[in-house]
Amino acid sequence: MNVLVLNCGSSSLKYRLLAMPEARELAGGEAQRVGPRTAEPARIFHNQDGQKTVHTAEMPDHATAFDEVLQLLAQTGAPKPDALGHRLVHGGARFAGAAIVDAAALRELQAIQKLAPLHNPPATALIAACSARYPDLPQVAVFDTAYHASIPDYAATYALPAKLAAKLGIRKYGFHGTSHQFVVEEAAKFLGRPLEKFSAVSCHLGSGGASLCAVVDGRSVDNTMGFSPLQGLVMSTRCGDLDPSAALRLLIAAQGNPGAVEKTLNKTSGVLGLSGVSADIRDVLAATPRGTAAAARMQATSQVYLWRLRKYLGAYLATVGRADAIIFTDTIGETLPEVRAAVCADMDCFGVRMDFERNAAGLPLPCDVATAASPTRILVVATNEELAIGRRTYATLMPDEKQTAA
Amino acid sequence: MYAILQSRLASLKADAAEFAQELVGVESLSLHEEQVAELVEQKMRALGFHQVVRDDYGNVVGALLGRQATATLALVTHLDTVAAAKDDPHPCRVEDGRLYGLGAADCKGGIAAQLYAAYLLKYSLLPLDGNLVVAATVAEENGLGLGVRGLLERTLPEMGLKPDHIILGEPTGLGLYYGHDGWMEMDIEVEGLNPFQVDDIARNIATDLGEAMGSPEAGGENFVLSQHARRQHGGVATASMRVARRLRQHGDEVGMLTQVTHEARQSARNSGAVEVAVQVRQDAQRLYTGRTAVARRVVSAWNTDPFDPLMTRARQALAAAGCASQPGKWQLGRLGMGTAGSVLVNEFKVPTIGYGPGCEAQAHERGEFVELEKIYTAIYGTAAIAHSLIGIPVCGWTADEI
Amino acid sequence: MQILTLVPSPQALRYAVFSGRPTHPEGEGLIHDYRGAMPCHLALLKIQKAMQAAAHARRAAPLPPAAIGIRVPFGGTEFPGPVAVDADVVRRLETLTPAAPLHIPALLELLQQCTAHFPGVPQVLTFDTAFFADLPEREHLYALDADLARVHGLRRFGYCGLHHAAAWQRAARSGATRVISLCLEPQPELAAIQGGRPVYVTSGITPLEGLPGQTTCGDLDPGLVMLLAEELHYGPERLNTLFTRESGLKGLTGSALTFDELFAAPKTEFTLAREVICYRILQACGMAMAAMGGADAVVISGRYALAGRALAAWLKRQAVFQRQTVPVAFHYLRTPVERIVAGQALLLARASARRAAA
């Protein structure tokens, strides 16, 4: 079965065609500048059989982009997809696992769009368009929140009035679940441990969003993101944890307009707000600014970023109790040894001892950068959300073959 | 914070009620507000307002200055009342929790509420970021905004204050009001050589316009008509009458004058050689301070966007304080009613809303009263709104100790 | 040498009189509705009369106290330790008004009234935030736009400093250098104290952030604030009431509970609330240990320090504490805040008396 995995960004569409269950990549790529026309033309960067090609196309929305991708696949002689696997950020309380999209599921998806106003609507619109145009092509929605459905109530409950929380569906949903689940499975395999006996803290440190996940017996028990992807760690433009009274002060300054505050906290905070120059922590860590004020600001930005990360690592190691491993993944987690070192140094009290030389050695992934004596392993694992979505899609459509897929 | 306000209010209620009764006890027909102005000024000084000014118009203005003067909120009422009906003995009294007397609802209860709302914030030790102005103006009822125009044009600028929001203490029955229709009084003169013909034409005009618009007795309809009067000057006979029309929107004044002129001339056509002229009624008024000013008898319709941040924040503040906040507009059941909103919104472009303890139905009525409880609620509610607009927010702090 | 201590809160003014060593107060009392119907000057008059009556009962001459110690919940970074009040202190306090609008103006009034009723008696201010005045930048900065944070004064403080300082002293006596200090007050706060200096604290701009309290929500997803504003059409003031008065234990259980009651209740009651509190505290302990690279001692203080025993029993069973090769010591500190205030006031009064003598 050939599964076409689709991942909608706000102005991009990533796709990957996978032959399942063997997970062989047939083609892949990314349509960029999807949406209203920009200074540069919209392009598809296509990758097939080791060949990289660039195609220009008008792509006013994700549905058109999808059509272009299908055409491109046909032109380049790639096999026809037999199923679509969509990545969705938020599954709300309704979707605790991947779901086959039918009319009822689509209605549910449309109903929960407001839970992730930045992320869900483009993917939902694409699913609706695909249902209309290719009714015979099976579609599966894979949710970032689904892995976190196992977070126990005491970790998922905010200390707000219980009735109100029930009425508005307020609880910790957690995000990046697809990635966390993938790297946890990979890590367990790498260490040769049975997944159902594997406990870990998974650190998904992307260049945009970032979250930690506490994993006990292969299941998520906590995630630093909360009701929305705004809570927790310092992110590229998101503030992460904040005194609720700060949001209230900003709300008053915005004359009671919540949209304005939402934008401030999501778009101009985080690394960007702290550093004032870049939303990418890599730029901040590599910067050699002129002048003491600028240097101090860069220093402060990286310190706040790393300190919050370190504190949460401690919190989640306490949650897990005896972690078999700490897993680092995604752009920052995979490529920045200094970030891993800053948060793993002097963590002996949690049974964490890093081999700093191995950590800095740039070993091929997956790799273990803990000392031989460290009770907790420190792993660097490449995440592959598309592959994870492909696996989930296949497993959902072919439940009997699940064993082979895993 | 709200617990503190309520608790402190409890110890101010008696004073506030006494002050309201004092105000009602002093007659203050338009252009004769001196005595009541004196009372208000004394009270502002006694309550420790940072600045207290009585301007040349006779308005009384008190200000509590904020730490940063980020914004200025003005609480505005008027000192004057309309003349009592002859057989109303104007007994000022408190009975069954009601304060009776001329101007109780319109708008002396409002003066007391706004003045004590400002004091309540001060007395509760809740610091302000912006400035809080309390102003009671003259010649509102009769002078059509003479006092308030002076307040905005001269007095506040001289005090270094420029209001960003205004709350009128006019009777709203504790609803949040954001505008009303206007009205316009016009004098129609019919001039001709034949006095009988002039009479007939005047009568025709009265009938036609009356039919077109109904009569004022029908419960605050659009039109009020005075019987025409004729005078003879040499060989020329002149009949004059007065009409008034409701204005639905700001900016209707010129159109309305043209329309009424046209209608009056239509009624007079085919009736021989007469001149029909229509003009806005205007007259000179002498304020109690001796200053004179021309009053045009136009109250323009005004409207603050019900989704203006002022409305939003006021509604949010009242909800947080546990007060009702029914939005609405004044009905202006009678000719001559209006508020300073016409001047404030249309001429000075300051977002304005109304929040006061009196009921509109009581205004200009015999046996006018205001409920004391509503004065207390207005004090608390106005303080809550003011704090939300210009107070230093207390976000995150509980009333419980830490 | 008598010390009068005043602990004002919006609900009541607590006072106590200590003699000599501040161990046990000679007299104490509570003046209700201190921010409401009871004006400040009457409250002070009451205290004055109570002190006179006490002196009379002892057949002693009614002398004014040697110093008045006043607890102040907020001193920002302006006051890193206790101070004796003078004109300059009053001016500096005034500048703190925007950060603690509910407290500073009331404090200034209280100082005036203290001067009026006890002329010439030195007034010593002890600040809850003083212990945290030099909180490291990495800990006090929010990941917000730097200008926005400056304009609105958005940075983190700690709020139970008087307790934490006492907790540190207690643990340091036993040789600890890395201390987790949990202050169980209606709004609990946990701090990591390394070598006497705080490196981590749960509170934020206000005591609202961090651990949930008896009626306060603690940490929330900031996105929830906007969701609630939109869904419930609540303004910021109403949301503030929701977060500070209707949440926490009260919101979770539907009943007004103290931490004592929560932990004394049968296992089957309030289970979720107890689990939430325990879990959040466990995570805060993890953060503290990550901040200090471990922990030598946990000190539980505050008025619900005894409830902390049940909590500590649970904490000790958790793997993160079990796995420590050198067991983490647990201490309980029941020193009431008045005593801490009196102690600081006494020290400062004596020091200035010595300076005056010299």
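Author: Before we divide anything up, a word on terms: the domain bounds I will mention come from an automatic or database domain assignment. With that in mind, chain A is divided into domain 1, residues 2-143, and domain 2, residues 193-385. Please also keep in mind that this is a predicted model.

Reader: How many Å separate the centres of domain 1 of chain A and domain 2 of chain A?

Author: Taken over C-alpha atoms, those two centres in chain A are 28 Å apart.

Reader: And which domains does the assignment give for chain B?

Author: Domain 1 of chain B is written in two pieces, 2-180 and 301-390, while domain 2 of chain B covers 182-284. The C-alpha centres of these two domains of chain B are 36 Å from each other.

Reader: Staying with chain B, how many helices and strands does the secondary structure come to?

Author: There are 10 helices and 21 strands in chain B. Its C-alpha atoms fill a box of roughly 90 × 40 × 40 Å when this is taken along the principal axes.

Reader: Let me change topic to the contacts between chains. How many residues of chain A are in contact with chain C?

Author: On the chain A side there are 64 residues, and they are in contact with 62 residues of chain C. Several helices of chain A each supply at least two residues to that side, including helix 5 (162-168), helix 7 (244-253) and helix 11 (292-320). The largest share, 13 residues, comes from helix 11 of chain A. By class, this side of chain A has 37 nonpolar, 18 polar and nine charged residues.

Reader: And how many residues of chain B are in contact with chain C?

Author: There, 26 residues of chain B are in contact with 34 residues of chain C. The elements of chain B that give two or more residues to this side are helix 1 (2-10) and helix 8 (309-321), and helix 8 of chain B has the largest share, with five residues. The residues on this side of chain B divide into 15 nonpolar, six polar and five charged.

Reader: Which residues touch the most other members of the largest nonpolar core?

Author: That core has 388 residues, and among those that touch the most other members are A:Ile326, B:Ile375 and C:Ala288. Helix 11 of chain C, residues 271-292, gives the most to this core, with 14 residues. If you look around B:Ile375, leaving aside residues up to four places away in sequence, the residues it touches include B:Ala16, B:Gly109, B:Pro357 and B:Val370.

Reader: Now a strand: is strand 15 of chain B mostly buried or in the open?

Author: Strand 15 of chain B, residues 282-286, lies largely in the open, because the number buried among its five residues is zero. Five bridges join strand 15 of chain B to strand 16 (residues 292-296) of chain B, and the two run antiparallel. Within that pairing, B:Gln282 stands opposite B:Arg296. The hairpin has five residues between the strands, and B:Gly290 takes a positive phi near 100°.

Reader: Which strands of chain A form a hairpin with two residues between them?

Author: They are strand 4 and strand 5 of chain A, and A:Asp49 in the turn has a positive phi of about 50°. Six bridges join these antiparallel strands, with A:His55 as the bridge partner of A:Ile44. Strand 4 of chain A also pairs with strand 3 (residues 24-32) of chain A, in the antiparallel sense over six bridges, and there A:Gly28 stands opposite A:Asn47.

Methods. Residues numbered from 1 in each chain as written. Chains lettered and ligands numbered in written order. Predicted model: local features only at pLDDT ≥ 70, side-chain atom pairs only at ≥ 80, totals over all residues. Helix = DSSP H or I, 4+ residues; strand = E, 2+ residues; numbered from the N terminus. Pairing = 2+ DSSP bridges. Contact = placed C-beta atoms within 7 Å. Nonpolar A, V, L, I, M, F, W, Y, C, P; charged D, E, K, R; others polar. Buried ≥ 20, exposed ≤ 12 C-beta atoms within 10 Å, placed from the backbone. Core = buried A, V, L, I, M, F, W, Y, C linked by C-beta atoms within 7 Å.
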